[in-house]
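The structure comes first, followed by the terms and the findings.

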Amino acid sequence: MRTRVPLAASRIKLHAVRACPVRQSYRTYATALPSRPDIYDVVCVGGGPAGLTLLTALRSSPATSHLKLALIESQDLIEAKTWELPADQYANRASSITPKSEAFLSEIGVWPLVESSRLQPYHHMRVWDGLDSSSQISFSSQSPPIATMTENPNLQRALLRRLEELPPFSTFDSTKVALIEDGPPPLPEDSLDLSSFPCLTMSSGKKIFARLLVGADGLNSPVRTYAGIPSRGWDYERHGVVATVKYSERIKYHEGDNAAMAYQRFLPSGPIALLAMPGEFATLVWTTTHGKAAKLKALAQKDLVAMVNAAFRLDNVDLEYMSGLNDGITEELTWRSGVIGVKEDEARIPRLVESVQEGSVASFPLRYRQADSYISSRVALIGDAAHTVHPLAGQGLNMGLADVQSLAKTIEHSVKHGGDIGDEMYLDRYNNEMWMQNNRMLGVTDKLHKLYGVGSGPIVGLRSLGLKMVDRLGPVKGWLMKQAGGMGT
């Protein structure tokens with residue numbers, strides 16, 4: 001085992017940088033060099049939106065379009081290329097794309113290929129406290145919108161279509177990485193030294209070498225493990241329940257007061273959000289405990305619909321009572337709504353949900369993770385391999401796209417200056433730009449989750465007062481919206 005110190009920790013710089021810890025490397029060496037080694041400039045492990053966007057950005061730039069690229073993806077990309085759903089169905093994996101992310105995707109030629117009929121910009125958003133309905137904050141933006149909702153498969157298909165328009169690269173899909181190790185030490189007669197290059201052995205037995213290995217391979221990243229980079233954080237002991245829902249009547253959005261609106265209510269067990277999709281559809285994201293998530297997924301459709309409608313209308317005490325029922329949930333909601341006198345007002349609460357799309361209900365565990373560094377010698381991490389964020393702010397995919405934009409510019413800078421794209425001296429630009437920026441977003445979402453997880457005591461009153469004050473301060477709200485939209489400085 002070798003101990004490796006990042007160059008960022010040993011060089012003197014004129015500007016402040018985050019100190020990188022000494023990392024214990026667990027890299028091993030390949031035993032022999034193939035007679036004709038297959039060497040790539042950039043090898044990306046992971047063909048999700050982050051990995052595909054990086055390859056697209058590199059191929060779209062005149063400075064990096066000549067690089068020899070490879071993609072390794074465990075899934076069959078043919079399915080992603082040919083993804084289709086009927087016009088009245090939507091994938092439950094959907095994301096809100098900020099104006100900054102949209103501009104980047106447009107710059108590299110991807111956004112025009114996203115099926116526009118399945119996109120929904122939203123111009124208004126209302127967020128309120130589940131324990132004090134008068135404590136709320138509202139955002140509005142006509143141009144640009146606050147964000148645009150898109151299904152992840154719609155974006156992934158557009159990325160693959162854009163890549164087909166660009167110079168070809170090597171794709172190894174339906175293929176897993178069996179082993180990552182350093183290249184073998186050179187023999188005395190060898191003129192080629194690949195001992196510092198990552199050597200990837202695929203499930204097919206094929207070996208390739210990378211000047212720069214990019215991990216876009218998710219939470220349990222094998223690339224991050226190979227690089228010896230720790231990832232720290234915790235599990236929230238919460239699950240996010242997602243589904244595609246249909247409102248009781250078709251909504252016709254226009255660029256006015258009734259333009260698409262997103263709703264989010266912070267309950268003590270976690271926030272619930274309805275994010276507009278085209279027509280009468282919306283994406284549900286409900287953060288709750290593991291037990292409640294399991295029960296929501298097991299409910300009959302009419303009872304799940306009743307629980308969603310109740311979560312935006314009833315007091316938390318009523319909602320807790322209803323969550324303990326095994327039947328009669330729909331009738332209970334009708335009775336309680338009548339007693340309380342719930343007023344349907346789209347400026348305050350979403351329209352009544354009528355149905356849940358069959359097969360769309362799913363859940364996933366929520367975690368906080370941040371890698372100690374996004375780089376190592378000849379390694380860079382992007383997306384969930386680098387960080388995992390609570391979904392309450394809808395920033396997960398946008399953070400990954402920002403990683404890609406920064407890393408692509410870093411590689412371009414290295415190429416233009418005749419540098420080694422795998423050298424930490426150049427990769428530091430990416431790490432220094434993105435680590436602290438992402439750490440701030442991770443910290444904000446984590447603190448909001450903990451703040452609104454408090455169900456009683458003085459904190460409830462203080463947070464209500466604070467939210468009301470922010471809602472009345474136009475400049476502060478404007479700054480918050482710019483930060484959320486990725487347009488802040």
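## Basis and terms

A residue is called buried at under 20% relative accessible area, exposed at over 50%, and partly exposed in between (1.4 Å probe, protein chains only). The model is predicted: local features need pLDDT of at least 70 and side-chain atom pairs count only at pLDDT 80 or more, whereas totals for chains, interfaces and linings use all residues. Residues are numbered from 1 along each chain as its sequence is written, and side-chain values use heavy atoms, with hydrogens and water left out.

## Salt bridge K206–D38

The structure contains 22 salt bridges, each defined as a side-chain nitrogen of Lys or Arg within 4 Å of a carboxyl oxygen of Asp or Glu. One of them joins K206 to D38, with the closest N and O atoms 3.2 Å apart. This pair links distant parts of the chain, 168 residues apart: K206 is in the loop between β12 (198-202) and β13 (207-215), and D38 is in the loop between β2 (23-25) and β3 (39-45). Helices (H or I, at least four residues) and strands (E, at least two) are DSSP runs, numbered from the N terminus.

D38 counts as buried because its relative accessible area is 17%. K206 is partly exposed, because its relative accessibility is 32%.

## Two further salt bridges

E151 and R118 form a salt bridge with an N to O distance of 2.8 Å. Here too distant parts of the chain are linked, 33 residues apart: E151 belongs to strand β9 (residues 147-151), and R118 to the loop between α4 (99-107) and β6 (120-122). E151 and R118 are both buried.

R378 pairs with D420 in a salt bridge whose closest N and O atoms are 2.6 Å apart. R378 is in the loop between β20 (375-376) and β21 (379-381), while D420 is in the loop between α11 (396-416) and α12, so that the pair links distant parts of the chain, 42 residues apart. R378 is buried, at 8% relative accessibility, and D420 is partly exposed, at 24%. Salt bridges with shared partners join R378 and D420 with D41 and R211 in one network.

## Nonpolar surface patch

W335, V339 and I340 make up a nonpolar patch on the surface, with about 340 Å² of accessible area together. Areas come from the Shrake-Rupley method with a 1.4 Å probe; for residues, only the protein chains shown count as cover. Patch residues have over 30% relative accessible area and no salt bridge; like charges are joined within 9 Å, and nonpolar side chains (Val, Leu, Ile, Met, Phe, Trp, Tyr) within 5 Å.

I340 lies in helix α10 (residues 329-340). With a relative accessible area of 45%, I340 is partly exposed.

## Cavity and pocket

There is one cavity of 30 Å³ or more. The largest cavity is lined by F266, L267, P268, S269, G270, P271, H449, Y452 and G453. Two or more of the lining residues come from each of β15 (261-267), β16 (270-276) and α12 (424-452).

The second largest pocket has about 320 Å³ of space. Of its 19 lining residues, S133, R265, R313, D315 and R348 are the closest to its centre. β7 (124-129) and β8 (132-140) each supply at least two lining residues, and β7 gives the most, with three. On a 1 Å grid over the protein atoms alone, a cavity is a set of points where a 1.4 Å probe fits but cannot get out; a pocket is an open set with protein on both sides within 12 Å along at least five of seven lines, and lining residues have an atom within 4 Å of a point. Grid points are joined across faces, edges and corners, and a volume is the space filled by probe spheres set on the points.
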